[in-house]
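Please read them with the sequence and the structure open side by side.

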Amino acid sequence: KCHAASYVHLSYRTAYLKANYPLEFIAASLTSELGNSDNLAKFIREARRMGMVVLGPDVNKSAVNFALEEQAVRFGLAGVKNVGIAAAEVIVAERENNGPYKSLLDFVSRTRGRVNRKATESLIKAGAFDSLNTNRSQLLHDLEPAMEKSASDRLLFWESQLQLFGNEQPVPPPATGERTVTTDTDTLLTYEKQAFGFYFSSHPLVRYHAEYQALKLVPIAELEGLPEGTSVAIGGVITKRVVRKDRKNQDYFIITLEDFDSAVEVTVFSPILAQYRPVLQPENLVIVQGKMRVRAGMEGAAATAAGIPQVRAEQILEFARCRSFIKSVTIRLKEEKATDHLLAQIKQTLEAFPGEVRVALQISRRPIVLKNCAVHIEPELITRLKELVGEENVVLNGYLPPPENSLPYRQRSGK
């Protein structure tokens, strides 16, 4: 009873802090999980769900740990992979003693020998230099020349001292890189995944959010508790792939699929693997249809993995091709906003994308299918319609084809 009472008291205090000091609670919770990217991602999702703003790391603003900044939480430098507390303390101390960093070269020169290249690369990928230059690919390209320039500047200083005693000529500094490199959205998200261990500013699946909803995919967070053998369809980005051998010495894959909030392991056995192997590459966005299974219990260190839900794949589809499964588009409008001008804009937009997908307009309760109006689903069409009527008022409707490789569910033997 005493033990239980202590837990109740601790739970009450934690709930009180979360309810009355939410920013401080989240900042402290994030700091307590430094080095655990999975838990950091969970707390950041929870903070955003509560309406909080979590700002990215910044070499000129971040503290070592997560900290409050006005009405937001600023990402701590020590939370970036490959940086660590020691390097973060050097960066913050140098900034406090000698002022803000003015450029990548200035940062490298002032922290040389104390913050290594790997840490600086991670900071660039995490966006910690965005206040100085938002082009992260360009910064990565310029890092090597900046480090060489920093080293040569120190060398020139010592050689200038030596010239007092001889005729040595100083070594000219190497030229900095001048090639222009751009950073697209996919590259930026890949950088963040490498720097944080999770997607921070956005998610690769965002571009297919309308299709995700239209095809009624199951959020991965809702898989837990479903009975074994339940048919499910999930979607996400492949973040990990492991190749293993079965009892027949044939390859099978265990991939980790991550959606907006959670991740799950998906097993892909032969012959399904032979059909979909080219698609199962890290960073690919896929839809998996399959059946629920629960990982078998094991003795020893792996015992904690028992009971974790998995999905056994029966069919795998690329998100890029899923638009062919969209069968209709519904555009919803409030009566007071359905002006002639707006309707004319909608008509003009629809006519710019002729195709075979039906379009319905819902101004009152019942949607009306527009005659002689069918469209081809493209990202630009969805974007333009959302700009006209609002994201929540463009609804796609569709369904997935049944799996070609559907397997009968067989109860586990327990062995």
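This is a predicted model: local features need pLDDT of at least 70, side-chain atom pairs count only at pLDDT 80 or more; totals for chains, interfaces and linings use all residues.

1. Lying across is judged here by contact, meaning heavy atoms within 4.5 Å, while the axes are lines fitted to C-alpha atoms, for helices over the stretch in contact, with angles running from 0 to 180 degrees between N-to-C directions.

2. Residues are numbered from 1 along each chain as its sequence is written, and side-chain values use heavy atoms, with hydrogens and water left out. Helices (H or I, at least four residues) and strands (E, at least two) are DSSP runs, numbered from the N terminus.

3. Strand β10 (residues 354–362) runs antiparallel to β11 and is joined to it by five bridges, with Arg358 opposite Ala374 in β11.

4. A further open sheet has three strands in the order β1-β3-β2, and here too the pairing is mixed. Its edges are β1 (54–55) and β2 (67–69), each with a single partner strand, so one side of each has no neighbour in the sheet. β1 and strand β3 (residues 72–74) run parallel and are joined by two bridges, and Val54 stands opposite Val73 in β3. Helix α2 (residues 22–32) lies across β2 and β3, at about 20° to β3. In the loop between β2 and β3, Glu70 has a positive phi of about 55° although it is not a glycine, and I would inspect this residue in the model.

5. Strand β4 has antiparallel pairings with β5, over eight bridges, and with strand β7 (residues 285–294), over seven bridges. Arg241 stands opposite Ile255 in β5, and Ser231 stands opposite Lys291 in β7. The hairpin of β4 and β5 has five residues between the strands, and Asn249 takes a positive phi near 65° there.

6. Which residues lie nearest the centre of the second largest pocket? They are Arg45, Glu258, Asp261, Ser262 and Ala263, out of 37 lining residues. The volume of this pocket is about 1,100 Å³. On a 1 Å grid over the protein atoms alone, a pocket is an open set of points where a 1.4 Å probe fits, with protein on both sides within 12 Å along at least five of seven lines, and lining residues have an atom within 4 Å of a point. Grid points are joined across faces, edges and corners, and the volume is the space filled by probe spheres set on the points. At least two lining residues come from each of α3 (37–49), β4 (231–245), β5 (251–258) and β6 (263–268), and α3 gives the most, with nine residues. The lining has 14 nonpolar, 10 polar and 13 charged residues, where Ala, Val, Leu, Ile, Met, Phe, Trp, Tyr, Cys and Pro count as nonpolar, Asp, Glu, Lys and Arg as charged, and the others, Gly among them, as polar.

7. The structure holds 18 salt bridges, each a side-chain nitrogen of Lys or Arg within 4 Å of a carboxyl oxygen of Asp or Glu. One of them joins the side chains of Glu46 and Arg49 at 2.7 Å, N to O. Because Glu46 and Arg49 are three residues apart in helix α3, about one helical turn separates them.

8. A cis peptide bond joins Ser270 and Pro271, with omega about 5°. Pro271 lies in the loop between β6 and α10 (272–276).

How values were computed. Two strands pair if DSSP finds at least two bridges between them.
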